[in-house]
Amino acid sequence: MRAFLIAALLATPALAAEPQGGPVFAGFGKHTPVEHDVAIPKGMVLRHVYDVQPATPGKRNPGFETAARFINSHVANGMAERDVAVAVVVHGSAIAELTKPEVYAARNPGTTNASEAMVKEMLAKGVRFVVCGQAANAMGIKKADLLPGVELAISASSAHAILQAQGYTLNPF
């Protein structure tokens, strides 16, 4: 009976004290367990988009980290990885963080792209990175300059409109 009660408590998201799934991204996107009241409905699929600004050169982009944290925390609380879809819309000088190493180095002499490995791992796990084409053009960045898998949109606004039509919700900050 005791084992049954413990199993029932752990199966209830609002009462679970320990994460249920391992992190999708072990080296970044750290989260903490939360004794939460808003349960994730069984079978729910989340599609969420982040609008990201630049990081300090030489440091990982905190917006990319936040997107990874969203995935890690939801998977840890019982959601299947396939049910947590994330897109990251990038504009302004943050676009440089999505460029190939030689392009990044030319734009930021003496600094390596601290976000590159994180972005590549996130892309491999299905996170979409979408670049504002208007900002990229203004910065002289071409599609060929971007890391493989990074998408180029007409603009950040069109990327957001398309993603919202596809069921993605926009992060409010």
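# Chat notes on the second largest pocket and its surroundings

Me: Which residues line the second largest pocket?
Reply: H31, T32, V34, H36, V38, I40, S73, H74 and N77 line the second largest pocket. Keep in mind that this is a predicted model.

Me: What volume does that second largest pocket have?
Reply: About 160 Å³.

Me: And by class, what is in the lining of the second largest pocket?
Reply: Six polar residues and three nonpolar ones. The lining has no charged residues.

Me: Let me zoom out. How many helices and strands are in the protein chain?
Reply: The chain has six helices and five strands. Along the sequence they follow the pattern α-β-α-β-α-α-β-α-β-α-β.

Me: What share of the residues of the protein chain count as buried?
Reply: 43% of the 173 residues.

Me: Contacts next. Of those with a separation of 6 or more, what share comes from residues 24 or more positions apart?
Reply: Such residues account for 72% of those contacts.

Me: Now the helix pair. At what angle do α2 and α4 pack?
Reply: About 35 degrees, with the axes 11 Å apart. Helix α2 spans residues 62-76, and helix α4 spans residues 116-124.

Me: Left-handed or right-handed crossing for α2 past α4?
Reply: Left-handed.

Me: Which residues of α2 and α4 meet?
Reply: From α2, F64, E65, A67 and A68. From α4, M118, V119 and M122. By class, that contact has six nonpolar residues and one charged residue, with no polar ones.

Me: Staying with α2: is F70 buried or exposed?
Reply: F70, which lies in helix α2, counts as buried because its relative accessibility is 14%, and the cut-off for buried is under 20%.

Me: What does F70 touch, beyond residues up to four places away in sequence?
Reply: L46, H48, Y50, V84 and V86.

Me: Switching to loops. Where is T99?
Reply: T99 is in the loop between β2 (84-90) and α3.

Me: Why does T99 count as buried?
Reply: Because its relative accessibility is 0%.

Me: Which residues does T99 touch, leaving out those up to four places away in sequence?
Reply: The list is Y104, N113, I141, D145, L146 and L147. Take N113 from that list. The C-alpha atoms of T99 and N113 are separated by 8.8 Å, and the two residues are 14 apart along the chain.

Me: What about N108, where does that lie?
Reply: In the loop between α3 (101-107) and α4. N108 counts as buried because its relative accessibility is 18%, against a cut-off of under 20%.

Me: What is N108 in contact with, neighbours within four places aside?
Reply: P57 and A96.

Me: Which residues is Q166 in contact with, its neighbours within four places in sequence left aside?
Reply: R47 and R128.

Me: How far apart in space are Q166 and R47, C-alpha to C-alpha?
Reply: 8.5 Å, with the pair 119 residues apart in sequence.

Definitions and conventions:
Residues are numbered from 1 along each chain as its sequence is written. This is a predicted model: local features need pLDDT of at least 70, side-chain atom pairs count only at pLDDT 80 or more; totals for chains, interfaces and linings use all residues. Side-chain values use heavy atoms; hydrogens and water are left out. Axes are lines fitted to C-alpha atoms, for helices over the stretch in contact, and angles run from 0 to 180 degrees between N-to-C directions. Helices (H or I, at least four residues) and strands (E, at least two) are DSSP runs, numbered from the N terminus. A crossing is left-handed if the near helix is turned anticlockwise from the far one by less than a right angle, and right-handed if clockwise. Contact means heavy atoms within 4.5 Å. Ala, Val, Leu, Ile, Met, Phe, Trp, Tyr, Cys and Pro count as nonpolar, Asp, Glu, Lys and Arg as charged, and the others, Gly among them, as polar. On a 1 Å grid over the protein atoms alone, a cavity is a set of points where a 1.4 Å probe fits but cannot get out, and a pocket is an open set with protein on both sides within 12 Å along at least five of seven lines; lining residues have an atom within 4 Å of a point. Grid points are joined across faces, edges and corners, and a volume is the space filled by probe spheres set on the points. Buried means under 20% relative accessible area, exposed over 50%, partly exposed in between (1.4 Å probe, protein chains only).
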